[in-house]
Amino acid sequence: MTRSLPAPPDKAAVVQAMFDRIAPRYDLLNRLLTFRLDQRWRRLALRLTAVGPADVVVDIGCGTGDMSALAAATGARVIGVDFAARMLAGARARGVSAALVRADGTAVPLRTGSATVVTSAFVLRNVVSIPGLLEESARLLAPGGRLALLEVDAPRWALARWGHALYFNRVVPAIGGLLSDRTAYRYLPDSAAYLPDERRLLAMIAAAGFTGIAKHRLGGGAAQLLIARR
Ligand SMILES: C[S@@+](CC[C@H](N)C(=O)[O-])C[C@H]1O[C@@H](n2cnc3c(N)ncnc32)[C@H](O)[C@@H]1O
């Protein structure tokens, strides 16, 4: 396993402490490092799941509230869930119109079937168990509910893959280390190694009880949006 990656027994505590450390500059670096594409991808996730005023959205790993705020702007009722207190404090400080709950995304203190939409942006690679997060999403969703997962990805074509690897593995840690936390911005690209390949990830989503699974490649393959129905 890559050197900056914690092994499963320590992963949750290490990831939580890391996001607490980088919370103050998280939004700035997100915008900078994705050339503001991150917000476009979140809006697309909400559009493709047709989020609107009739919805109850649970945003797992809501962080500083980017997705929660965009979902709330559609008129939906939003509950943002995250285990890092300082990320949630960032969301509160921004005045995000969502109920913010400090909890693990694999054990959310909400009733079964209480959501119509579950969103989770850039969280999969951070959890100890991806199937655990998917099963919890399925539990939270009422039948027919929609799931939208955003995550990093790697382009399929060799040249794009090379350019992407250079940016993700060299430029991101350098800029992140300069403006925020060196260890954290080394972990962020390395943590892509926790992601299963496309076939296995789609199979995990199906195994958790989802159908109509669709994968959208974003940013030339730098990110992926997975949409499914409960
Ligand atoms: C890369 S950030 C993404 C934040 C936000 N979704 C966004 O799009 O900007 C990952 C977030 O997931 C949270 N997280 C990671 N593992 C978690 C878990 N097991 N339970 C709850 N939150 C978790 C982290 O604290 C962090 O805020």
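Reader: How much space lies in the second largest pocket?

Author: About 330 Å³ in this predicted model. The pocket is lined by 18 residues, and Val-152, Asp-153, Ala-154, Arg-161 and Ala-192 are the closest to its centre. Helix 7 (158-179), helix 9 (198-207) and strand 6 (211-218) each give two or more residues to the lining.

Reader: Which element gives the most to that lining?

Author: Helix 7, with 5 residues. By class, the lining has 8 nonpolar, 3 polar and 7 charged residues.

Reader: What makes Arg-21 and Asp-181 a salt bridge?

Author: The cut-off is 4 Å between a side-chain nitrogen of Lys or Arg and a carboxyl oxygen of Asp or Glu. The closest N and O atoms of Arg-21 and Asp-181 are 2.6 Å apart, so the pair counts as a salt bridge. Arg-21 is in helix 1 and Asp-181 in the loop between helix 7 and helix 8, so the pair ties together parts that are 160 residues apart in sequence.

Reader: Why is Asp-181 called buried, and what is Arg-21 called?

Author: Buried means under 20% relative accessible area. Asp-181 has 15%, so Asp-181 is buried. Arg-21 has 43%, which lies between 20% and 50%, so Arg-21 counts as partly exposed.

Reader: How do you know that Asp-66 and Arg-42 meet in a salt bridge?

Author: Their N to O distance is 3.6 Å, and the limit is 4 Å. Asp-66 is in helix 4 and Arg-42 in helix 3, 24 residues apart.

Reader: Are Asp-66 and Arg-42 buried or exposed?

Author: Asp-66 has 4% relative accessibility and Arg-42 has 3%. Under 20% means buried, so Asp-66 and Arg-42 are buried.

Notes. Residues are numbered from 1 along each chain as its sequence is written. This is a predicted model: local features need pLDDT of at least 70, side-chain atom pairs count only at pLDDT 80 or more; totals for chains, interfaces and linings use all residues. Side-chain values use heavy atoms; hydrogens and water are left out. On a 1 Å grid over the protein atoms alone, a cavity is a set of points where a 1.4 Å probe fits but cannot get out, and a pocket is an open set with protein on both sides within 12 Å along at least five of seven lines; lining residues have an atom within 4 Å of a point. Grid points are joined across faces, edges and corners, and a volume is the space filled by probe spheres set on the points. Helices (H or I, at least four residues) and strands (E, at least two) are DSSP runs, numbered from the N terminus. Ala, Val, Leu, Ile, Met, Phe, Trp, Tyr, Cys and Pro count as nonpolar, Asp, Glu, Lys and Arg as charged, and the others, Gly among them, as polar. Buried means under 20% relative accessible area, exposed over 50%, partly exposed in between (1.4 Å probe, protein chains only).
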